[in-house]
Amino acid sequence: MEDSCGAIIHYSLRRAAVLQQQHVEPIEEKSIESIESIEDADVLLESAEEESLEIIQCRDTESSDTIRSNWHEQLSVSVAGSEDKIKWHSLQHGGPLFPPRYKRLPDNVRMCYNGQPMKLSTAAEEAATWYAKLLGRPVLQNAIFQANFFREFRMLMRPNERRIIKDLELCDFERIAQHLQRQKMSQRGVGQHRKLLEQHHFGLCCIDGELEMIANYRIEPAGIFLGRGKHPLMGALKHRIRPEDVTINCSPYAVPAAPAGHHWKAVQHDQSVVWLARWRDSVTLGYKYMQLSSASRLQGKRELNKFELARRVSSYIDRIRQSYWEDWKSPNLMQRQRGVAIYLIDRVMLRVCSDKSELTADCEGCCRLRVEHLNLFMELQGNAYVVEFNFVGKDCTKYRRQVAVNQHVFENLRSFMQRKLPQDQLFDQLTVKMLNQHLRSLMQGLTAKVFRTYNASRLLQSSLDELTRNLTSPEELLNAFAIAHANAAKFCNHQGAQSKLSSHKRAIRAKQLAISKCRRSRANTCRLLQLQQDLDLLQSSLSDAELRSSVALSTSKVNYVDPRITVAWCKKHKVPIEQVFDAALCSKFDWAITAADASFRF
DNA sequence: TAGCACGACTCAGAAAGGTGGTG
DNA sequence: CCACCACCTTTCTGAGTCGTGCT
C-alpha cells in the first residue's frame, strides 16, 4: 500500500512538471489544413512533390542504389551488444506533422447537462468530443475511466461550468456524437488525397544517402488515454503536443523548420540513436518516438541481426538446456529457481516480464508469477506432472494453458510454492537481471526474449517440413502453410479478438438452411447436390478454421518467425511469395526475399 | 557497487480504413 | 448501380524488454 502511494505521489509530481512545461498557445495551421476538395488536394500534391524532393536532398555522395540492392549480402552480422555505436552519418527529415487545430462545434451542437444544452469552454468542449467518439464502447462503463475522465474534464471547465456540472451521469454527449458521425461521412474521399499529400511532405527522410519511409510521422493527437485491461490511468486526458514539446534528431546542416511562429524544444545530432523526433506523453510520461519504417534498410539490418542471433541458439541449445537441468538439482535455491524459470521461458514460451511501475495494469510474466497463477496436478487426463498456468500476460491477454512438465521442474515448483500465500512471488530469489546475466554467460548476446524468436522459427520450419512434405497442389500447400503458421502463433499465445470461426460457423448454418429450404421446395437436384458439396467442404475445414480463428496470425509472422524460412519454402514449392506475404511484409522482408534460396534452413 | 529509474527500442492487439463480392 | 457486409490491410499507440547511467 505504501509503495503504491509512493508511486502515485511520484507520478503526480512528474506529471505536474511535464504539464507545466507544455505550451498552450495555438499552433498555426499548415496549408494542408485548408484543403476542402479533391481538386485542391491535387494542385497541392503537385507542388508538394517538388518540395519533398527538396527536403530529402542529401550530401552523401555514395551511390545509394548500390547500398540498397546488396547490403544484406555484404553484411557481416554483428552479435547483439556489439552493434555499431554510430547508427547514421547523415540524417535529414521534415519534422513531424502536427494534428489540426481544434475547430469549435456549431452553435446547435451542444453537450446537454441534465437535459439543458451547455456552451462549454473550448478546451472542455474538445474533451467532450473525445468522449463522444467513444460512445457505445464498454470502456465508458468502467469506474476508473469515469473517475479519471470526469476529474480532468472538470479541470478544463470554467469555474461557472464547474459549479453546474457535477455528475458525469447527467452529461449527454449524444448530439456531439451524431454531429461527428455526419462530419466523418461528409469528408469521405478528401482524406485519401490529404494523406498522400502529407506523406510526401512528412513521410520520407534521407538517411546516409538513402530515401526511406518514416513509420509514424504524425504527432499523436490529443485525446483520452485508454490503456489496456484495468489500467489505473484510463480516462486521463492526453494533452496536445506542440513543437515546443518536440526534440528533433538530425544532421546539423538539415534542421527542419518548426511550424510558423513556433520553435522546437531542442535539436540534437545524436548519431548513436535512430529516432528522428521525440516528445513526452502527458499521461504515461514516457517518451514517444518518430522512427523509421520497418521497410527501411536500417530496420532490415536489425531484423537480420535479430534472426541471426536466434539462429545461433541452435548451436548452443544443448549446452543451455544441460545448464538448466543441472540448476534444477542445485542446493542453491536461486539457481533452482533460475533453472526452472529458463525452462518455462524455453519450453512454455513465457515472457520474462521486467519490473513494472505501480501505475500500469496488473499483468504478469515468468519472473512476476505468483503462487495463485499455478495449479499443480500429479496426473491429469492421463498425463503426469501437469502444471496449469492461469494469469494475465502482456497487453492483458489471458494466458491459460495446461502443460506436462519434467518431474524435476514439477517438484521444484511444488517446493517454491510451499509455505507461501497465494499472492506471494513464485520466484522470490530471482530477478530479470540475474536471469539475463546467466544467459549471456552461456551465449554472447542471449537474453530471455531470444527464446521466443528461436522457438517460433524452429516450430514453423518443422511444421512446414512435416505438413507439406507430400503436397503439390497450390490450395493444399497454402492451407498447410496457414496451419503451420497458426501452430507457431498458438505457441506464442498470440490472440485475435475477431473470431473468424463465428463467420465459418455462420456459413455452415446458412448452407444447412439453404439445403432444407431446397428440399422443402423440391428444387432441382443439381442445386441440392452443389449445396451439399459446399457444406461438406465447409465442415471438413472446420477444425483448421478452429485453429486459425483462435490465434492472431500476423504477430508471429511480423515479429517472430524468420522470414527466410517462408521465402525458402515458397521457392522450394514454387509458391509466389505474394500469396503468403502481403505488400507490407514483402517490403519489410525485402532483404529475406533477396537473400534466402530454397535451401535455407533456420 | 548494487539497485533503481529511465531511454530506446521491439512487440502487441484494437480500431480504422480499404476492397471486393453479393443481392 | 448502389448499399451493405465481411474480410483483409494499415495505422495507431500502448506494453514489454533490456542496457545504461546515475545515486
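This is a predicted model: local features need pLDDT of at least 70, side-chain atom pairs count only at pLDDT 80 or more; totals for chains, interfaces and linings use all residues.
The stops are the surface near DNA strand B, to which helix H9 gives the most, with three residues, an open sheet of three strands, and the packing of helix H4 against helix H5.

**Around DNA strand B**

- There are 29 residues around DNA strand B, and those that come nearest are Arg278, Lys306, Arg351, Thr555 and Tyr560.

- Thr555 has a side-chain N or O atom 2.7 Å from a phosphate oxygen of DNA strand B.
- For Tyr289, an N or O atom of the side chain lies 2.9 Å from a phosphate oxygen of DNA strand B.
- Gln495 takes part through its backbone: one of its polar backbone atoms is 2.9 Å from a phosphate oxygen of DNA strand B.

**A three-stranded sheet**

- Strands of a sheet pair through backbone hydrogen bonds, in a parallel or an antiparallel way.
- In this open sheet the order is S1-S5-S6, and the pairing is antiparallel.
- Strand S1 (91-93) and strand S6 (210-213) are the edge strands, each pairing on one side only.
- From one strand to the next, the twist averages 25°.
- S1 and strand S5 (residues 204-207) run antiparallel and are joined by three bridges.
- If you want a spot to look at, find Gln92, which stands opposite Cys206 in S5.

**Helix H4 against helix H5**

- Two packed helices are described by the angle between their axes and the distance between those axes.
- For helix H4 (residues 122-133) and helix H5 (residues 143-155), the angle is about 160° and the axes are 10 Å apart.
- Angles over 145 degrees count as roughly antiparallel, so H4 and H5 are roughly antiparallel to each other.
- H4 brings Ala124, Ala127, Ala128 and Tyr131 to the contact, while H5 brings Phe145, Phe149 and Phe153.
- By class, this contact of H4 with H5 has seven nonpolar residues, with no polar and no charged ones.

Notes: Residues are numbered from 1 along each chain as its sequence is written. Chains are lettered from A and ligands numbered from 1 in the order in which they are written. Side-chain values use heavy atoms; hydrogens and water are left out. A residue is near a molecule or strand if one of its heavy atoms lies within 4 Å of it. A polar contact is a pair of N or O atoms within 3.5 Å; within protein, one must be able to donate a hydrogen and the other to accept it, and residues adjacent in sequence count only if both atoms are side-chain atoms. Helices (H or I, at least four residues) and strands (E, at least two) are DSSP runs, numbered from the N terminus. Two strands pair if DSSP finds at least two bridges between them. Axes are lines fitted to C-alpha atoms, for helices over the stretch in contact, and angles run from 0 to 180 degrees between N-to-C directions. Angles under 35 degrees count as roughly parallel, over 145 as roughly antiparallel, 65 to 115 as roughly perpendicular and the rest as oblique. Contact means heavy atoms within 4.5 Å. Ala, Val, Leu, Ile, Met, Phe, Trp, Tyr, Cys and Pro count as nonpolar, Asp, Glu, Lys and Arg as charged, and the others, Gly among them, as polar.
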